[in-house]
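Some notes on this model follow, as numbered points. Please read them with the coordinates open.

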Amino acid sequence: MKGLYIVRGPLCRPFLALPSRAFNRHKFSGRTRTVDKPNPSSLPITPARTRFAPSPTGYVHIGSLRTALYNFLLAKATGGQFLLRIEDTDRLRIVSDAEKRLYEDLKWAGLSWDEGPDVGGRYGPYRQSDRLELYTKYADQLIGEGRAYRCFCTPEDLDHMRSISIQEGGPTTYNRTCSHIPPDVSARRAANGEQHCVRFKCDHRPLVNDLVYGRYTKPEPEDDFIIIKRDGYPTYHFANVVDDHLMEITHVIRGAEWLVSTPRHIALYEAFGWQTPQFAHVGLLVNQEKQKLSKRHGDVDIASWRDRGILPITLLNYVMLLGWSLGKGVKGQQEVMDLDEMISKFNLGFTKGDITVNTKHEFLQKAHVKRLVQSTGPQSVSNLVIPAVEARVRKYEEQRMAHSPSRAEGTPTSDPITDPAAEFGPVTSPARSQPSENGEAVVSTEYLRKLLEADIQNYRDAETFVLRNRYLIWEVPDAVYHYSITHEATTPEIFTILQEPVLPGEEEASPERTRCSVSKLTATLRDLLQSIPDAEWTADNIDRVVKPFLKSVVRVSTKRTDEGDGYREESVDEPWGYHLLRWVVTALRPGPALIPSLALLGREESLRRVEKAYEIAKKARR
């Protein structure tokens, strides 16, 4: 597709050509010149009416969400109104559920609108397919004033004209064949049902005053572009201008790819004698290879961010900073904003040029999780992300069920977490809910909520959360226990240290050291946990019973000290009790705090794991 050019305007047909030197992808042809602009920190002194006008030919992506957000913020920061308008004139490309998804995605992100197809308003209807009579009326007005004409050329005619023009080295613009048809003849042919489009006469170079790019003009006059298509529907350029005027839009913030089309819009405003809104074209979002974002490049669709368990406010904060900033040198926590803060801090100081997407959402997610937990409690986060976590759990459970038992319980690979689903045991008993109709265990939503709230300070997204807490949702397979004790928990010198109490007048004696195996230590831990009745199985009681023992377990390691003329080695004690407990509970995998984990798993499951760990350690002679 590299050599396939789409000629905008009269011919409206694709053709192959050599790469242009004047027009590169993401670069518009034409000339910009700095214009005296208002201070970027200033806003209109009167309320702004803005709009977000997507086409239901696909789903909302981060670029269109950014456009919606900027228009929303400008309206709210000035006490104005934000409109939602559906531009559904491209009938062949409409996606059946795109409009429904549009409402869902914008509401999930936290945006609302004052007027729109679903809420109404005094300037409706807000769906372009319901406004066709208006476009016909204004097109007829231009025809009557001699500013537009009907074009009866067929696509085959246009192809032939283009071919001849290319062979002769001429322009590919429309040659105005139909502009010479007398108005009465044109009207009669149209009344007889002859198919046609309507073209706008434009023979000058309109000037655009843009808040970001300054004065912009194209190097050549606009050709006679189409405003009403052969199917009777308006083009984007025409409907956009008519609607913005009738809906009294004062400011239009949109992507820089529309700057090359804006001279056409200016020409239409001039032809009607209408007030032109203020335009601000913001930089295109591109990936690390400087290519325009598309669905081929990953997480573009808003739903994909929701499904990953990203907080709505994180995504809004993230897209706001893609082409806008609080000022030079402002970084870190100052960039973390909720929606009210975005409104209060918003200005028109947009970045010029392409904007490369980054990973700042990771920092923002962490910051917003912390903010929400501190202000409204962990439930506020778990309520938002629980659907994404449940979806990830279902995915891994389905993958686990698809693996053969020999793979799950057999000899592990050199790295047992390369394919996590293959290393999961059955869903652990406290995590199970009532079996589904097909008999498979379904993970309890309430259990997942408790798990989320127990480890909420480490929540980043649904995927990493589920993997981090895998062994609090699924059982630890014997193979993973065995692998961890033979490859990760090996240490030749493990002791328990018993410090006898010192009586008054007595000298402090050296603590008694007892060398122990992992299996013996695990048996001691089992006996301690068994002493706690089920009714008293709480984090506080578990900590009180096992903490002294865990603090007594050490391993001996060698410390080397550089003394200038050589190294001196000495033995030092390292705490090892909680390392032992981590192996028993999660086979040394990361996770939330261990004592709360035991409380969450419950007495029965905790003792079952300790017993399994003991048997494996004994078989491994550890």
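1. Helix 12 passes helix 14 in a right-handed crossing, that is, with the near helix turned clockwise from the far one by less than a right angle.

2. Contact means heavy atoms within 4.5 Å.

3. The model is predicted: local features need pLDDT of at least 70 and side-chain atom pairs pLDDT 80 or more, while totals for chains, interfaces and linings use all residues. Residues are numbered from 1 along each chain as its sequence is written, and side-chain values use heavy atoms, leaving out hydrogens and water.

4. The protein chain has 21 helices and 18 strands, taken as DSSP runs (helices H or I, at least four residues; strands E, at least two). Of its 622 residues, 48% are buried, meaning under 20% relative accessible area with a 1.4 Å probe; exposed is over 50%, and partly exposed lies in between. Among contacts between residues at least 6 apart in sequence, 74% join residues at least 24 apart.

5. The largest nonpolar core holds 152 residues, and Val 389 is among those that touch the most other members, as are Phe 238 and Trp 583. Helix 21 (residues 594–619) gives the most to this core, with ten residues. A second, separate core of eleven residues includes Phe 152, Cys 178, Cys 197 and Ile 226. Such a core is a set of buried Ala, Val, Leu, Ile, Met, Phe, Trp, Tyr and Cys residues joined through side-chain atoms within 4.5 Å.

6. Phe 238 touches, among others, Tyr 135, Ile 227, Leu 268 and Phe 272. Leu 268 and Phe 272 are also among the buried residues of helix 7. Ten of the eleven residues of this helix (262–272) are buried, and Gly 273, with a positive phi near 75°, follows.

7. Pro 117 sits in the loop between helix 2 (98–109) and helix 3 (132–144). Its relative accessibility is 25%, so Pro 117 counts as partly exposed. Its contacts include Leu 84, Ile 86 and Tyr 126. Ile 86 is 31 residues from Pro 117 in sequence and 7.6 Å away, C-alpha to C-alpha.

Terms used:
Lists of a residue's contacts leave out its neighbours within four places in sequence.
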